[in-house]
Amino acid sequence: MRSSEKRRWFLGIDGGGSKTTAAVCGADGRIAALAAGEGSNPLSRPWPEVEKTLRALIRDCLRQAGAAAQEVEGLFFGLAGADRPQVQTMIVNAFQAEWGERLQIDNDAVAALYSGTWGGPGIVLIAGTGSIACALTADGSRHRVGGWGYLVGDEGSGFDLGRQAVAAALRAFDGRGEATTLTGMLVSHYGVDTPDQLIARLYGSPNPRRELAGAAILVDRAAAAGDAVAGRLVRQAAASLLELAETCLAKAGERLPVVLAGGLMAADTMLRRAVLELARFEAVVPAAPPVTGCLAAALMRAGRPLDAAVRKNLCRFHPEGEANGGELV
């Protein structure tokens with residue numbers, strides 16, 4: 001039960017293309033509420049829908065925590081695309097009037113970085129539905145490599161792995177490529193009878209990018225089971241991700257830790273193992289998911305300390321102390 005003394009709360013929202021996670025914590029880092037919703041990338045969803053998702057998550061978290069909006073000392077949005085002026089303008093127009101100086105906005109990459117560095121400089125290597133590497137140096141400079149979207153980039157991402165898995169299965173179906181257990185796995189996953197039916201299933205989907213990203217887990221499972229085709233796809237993806245990180249390190253011009261983030265890096269996947277094995281830099285696997293980086297940013301920007309006790313509480317992630325399971329996209 002909350003004491004009669006007025007408590008100050010901090011709200012963090014981590015929003016990507018596939019999902020959005022929100023959490024509320026106290027100044028001690030103890031997480032009192034957690035909620036999840038649809039993706040909130042304003043570049044891939046209409047802004048009215050994104051705003052609706054964000055407002056619903058804020059209401060849900062405040063209700064769970066038993067907190068009033070006026071008790072929130074800091075609200076940090078870590079949203080995909082939020083480093084673009086047009087996106088920041090939309091967020092400010094929607095939320096500034098009610099939140100004022102308590103509102104902080106940045107890219108979701110910053111949230112992912114802070115979940116591994118607790119506000120310190122570093123590089124975040126994200127492999128989820130898409131892929132990107134972003135650096136934040138000691139002097140505050142920022143650099144990015146990749147993140148150009150599924151049409152011209154996203155190498156090593158869930159979408160990239162899923163697309164190549166389907167392509168490999170169809171090549172095998174044609175007789176042009178090597179047989180792979182991915183064929184049967186994909187047919188079952190998408191609920192079709194034969195590989196050629198994958199075309200209508202995927203092209204007819206309202207969100208083919210997300211559909212293909214969802215198949216990345218199959219590549220990982222097939223590689224773990226020894227499938228040669230899947231193994232090559234995983235190694236190729238790892239090489240692409242390492243290239244992103246190494247290029248970003250070169251741009252930063254200083255030795256920085258590289259935080260592994262995104263669904264494909266959050267879990268103990270074959271891809272993450274390959275990246276860790278081949279990395280020639282300090283790789284950091286965060287003890288908690290990116291939404292805790294949002295909470296850390298909200299605390300820091302309000303002048304609150306991030307001491308060892310606060311970090312420990314944030315790493316518990318769930319109000320009941322459950323571990324972060326993580327999704328693969």
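The model is predicted, so please read every value below as computed from it.

Five of them form an open sheet, ordered 8-7-6-9-10, with mixed pairing. At its edges lie strand 8 and strand 10 (283-284), each of which pairs on one side only.

Strand 7, covering residues 131-136, runs antiparallel to strand 8, and five bridges join the two. Together strand 7 and strand 8 make a hairpin, with five residues between them. In the turn you will find G140, whose phi is positive at about 90°. Two of the residue pairs across these strands are listed here:

| Residue | Opposite residue in strand 8 |
|---|---|
| A133 | V145 |

**The loop and W148**

Next comes the loop between strand 8 (142-146) and helix 4 (158-174), which is where W148 is found. Is W148 buried or exposed? W148 counts as exposed because its relative accessible area is 53%, and exposed means over 50%.

Which residues does W148 touch, once neighbours within four places in sequence are left aside? W148 is then in contact with G153 and D154.

For a sense of distance, take A69: W148 and A69 are 79 residues apart in sequence, and their C-alpha atoms are 36 Å apart in space.

Technical notes. Residues numbered from 1 in each chain as written. Predicted model: local features only at pLDDT ≥ 70, side-chain atom pairs only at ≥ 80, totals over all residues. Heavy atoms only, no water. Helix = DSSP H or I, 4+ residues; strand = E, 2+ residues; numbered from the N terminus. Buried < 20%, exposed > 50% of the residue type's maximum accessible area, 1.4 Å probe, protein only. Contact = heavy atoms within 4.5 Å. Pairing = 2+ DSSP bridges.
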